[in-house]
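I am opening a new page for this protein chain. My plan is to look up a few features and to write each one down with care.

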Amino acid sequence: MSSTPTAIPPAPGPAAPTLLTGLWQRKIPHYPDNRTRTWYLFLVVIVSVALYYQLFVSGAVGNELIAYFHLSFRYFVGIFIAGAAFGAVASVVAGLMDRWGRANIVAYGTVICSVLTLVAVPATTTKEAYLIVYCVIGIVEGAVLVATPALVRDFSPQLGRASAMGFWTLGPVLGALVTTEISTHTLSAHPDWQFHYRLCGAICVVISILGVVGLRELSPALRDQIMVSMRDKALIEARARGMDVDKVERNQWKDMLRFNIIGSAFAISIFLAFFYTIVSFLPVYMATNFGFTAQQANAMGNWYWIANALSLVLTGIVSDYLKVRKPFMLFGAIISIIGVFVFLGYTDKPGTDYYTFALVLSLIAVGSGICYATWMACYTETVENRNPAATVEGLAVWGGILRTVVTFVLLGLLFVVTAAGTLVNYGPRLQEISAKYHNELATIQKVGADTMGTLGANPNDTAAQVTALVKLTGASAADVQTTLALNAKFPQELATLQAIDTAVLTKMMLNPADQASAATAVSQVAQKFNIPPDQAIARIQAAQKVPVNELAVASQVGPQLTAASNDLKAVGNIPADDQKFLADHATEAQQAAVDSPKQWRTWWWICLVAQIAFVPFVFFMSGFWSPKKAAEAAAAHDEAVEREMEALSLR
């Protein structure tokens, strides 16, 4: 029996769309050849990259957005939560909009997003306006999230599904990579967040035009069937001739409400908790816990996305060659779990270097890529085995669950990592004040906030003055009090003595009859105060009345007290607003800096447990564990196709 089908006459139906009619009527009546099919798949992937670039750019410029809109960390995360929640609803609605055309949803959805990114987002001047526009983008993204993998499934037979899904999954991965790569090289020169949105919008408008002009989709009669390999093309088109689409497309939602479909969609959603944390908060995490700049954190993200992208594509190719998905899902999950566990070991080590994090993140990315590429292929096959006409509905279930889980993941982050909010809200200004008033803040730290508060309320409080000077000089309280009392009682006399060179003064004290030393002292005092010699002599004679014992103490402690007094006066140079900000938030921020690593560590443990929880659901999905059995099933399918083709007189 020959294994290659002969050509069959075209199935009757609507004419193929032209360049003009294809702007709204995109359904093609025949399954395309490999070259055309590859072009459609390429368009879906590049449009997905553009869409996710627009979605993820907010994370890359998160610190800039927070500063510009004066956002609290809670509000900033709330923006992502709102976008994810609206996206969840849109994902389900996309399943109901399938008759309007999944290619139309993708093409025009990307146009809407691109225009919003280019024009609307940079024009926002309030945090409320930014939130609204971001939610609109989230709605469109939620719908396209469902429609793009549906198109990939339609144009990829099962035996090539993992490769196709691997390339499709490059959408979010390359979108994140493009975001971090561009941000890494442009943030220093363009710190204004609007520039990055306009650049993103301009690039994506061009890509969206390609989608509007070129995207197509299969007619319902073709896509509502299972296509195992390209050898099925003739049979699929033959069946389509007599198919009652309305009859076939019934009970799709009911057919999708199955444990292996809902459960596996939930499992992969929680598995991706680490991914969504990284894509949204890697710059914030690395800045607040390890001191990396936004550019360094984005560059670190590049390692993750590149490793993830390579593993997605290579895994898809190998999985299709071996015709199995489950071993790859399990193997990839284990690698990712090990990577997250290793990552946990560095979260409480502030001195961890850049390349250590980059390598560990790359390990996690490889595992996640191996797992996710094959999961997407396996999930669509699980849906097909239940009802091939319900592909969009099955993907709507997945998209709705994914965005719902992301919503709760972000909510959970707010409650678990409370310190992040304090560090993001107050950290930048505290760092600015600290850099500008470094010496003054060192003085405050030595003296203590309570004592400084007392002096701020009453600068003449003697007890507080003594306490402050003791802490700054290390002298005893008795010596400080003695020196202060002496300064208060003999200010002019002490000033006179300080004008005399120490060596000269010592000689005078040891030998009052030393005329040479006395003459030198008179000259120094006269010069210091710009007075005639007789007045200088009078001041020196008055200074001799200062008690010698107290003078000895003052001569030792005095210079230190003078320097310390100047340091205390310098504290007063800190503006009142900055002093109040320090008083209100410095202690809180210091405690947050202590708590932040522990809280983030707890969150990473949650992500690790979520990945472990994914593993059991692999066993409930469709497909083989053994490549040998998968090959035997594929051969049996080919024989069945040949028999049916002969029965339909297609040979």
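Are W375 and Y379 buried or exposed? I looked up both residues, and W375 and Y379 are each buried, where buried stands for under 20% relative accessible area, exposed for over 50% and partly exposed for what lies in between, with a 1.4 Å probe and protein chains only.

Before going on, I note that this is a predicted model, in which local features need pLDDT of at least 70 and side-chain atom pairs count only at pLDDT 80 or more, while totals for chains, interfaces and linings use all residues. Residues are numbered from 1 along each chain as its sequence is written, and side-chain values use heavy atoms, with hydrogens and water left out.

Entry on aromatic rings. I took rings of Phe, Tyr and Trp (its six-membered ring) as a pair if their centres lie within 6.5 Å, with planes under 30 degrees apart counting as stacked, over 60 as edge-to-face and the rest as tilted. By this rule the count comes to 39 aromatic pairs. In one of them, W375 with Y379, the ring centres are 4.7 Å apart and the planes are at 15°, so this pair is stacked. Both residues belong to helix 17, where W375 and Y379 are 4 residues apart, about one turn of the helix. I also found a cluster linked by ring pairs, with F274, Y285, F290, W303 and W604 among its members.

Entry on helix packing. Helices here are DSSP runs (H or I, at least four residues), numbered from the N terminus. I followed helix 17 (residues 354-386) to helix 15 (residues 294-322), and their axes come within 7 Å and cross at roughly 30°. Axes are lines fitted to C-alpha atoms over the stretch in contact, and angles run from 0 to 180 degrees between N-to-C directions. Helix 15 and helix 17 are therefore roughly parallel to each other, since angles under 35 degrees count as roughly parallel, over 145 as roughly antiparallel, 65 to 115 as roughly perpendicular and the rest as oblique.

Entry on backbone angles. I looked up H70, which has a positive phi of about 55° although it is not a glycine. H70 lies in the loop between helix 2 (62-69) and helix 3 (73-96), and it is exposed, with a relative accessible area of 69%. K323 also has a positive phi, of about 65°, and is not a glycine. I found K323 in the loop between helix 15 and helix 16 (326-344), and at 30% relative accessibility K323 counts as partly exposed.

Notes: Helix = DSSP H or I, 4+ residues; strand = E, 2+ residues; numbered from the N terminus.
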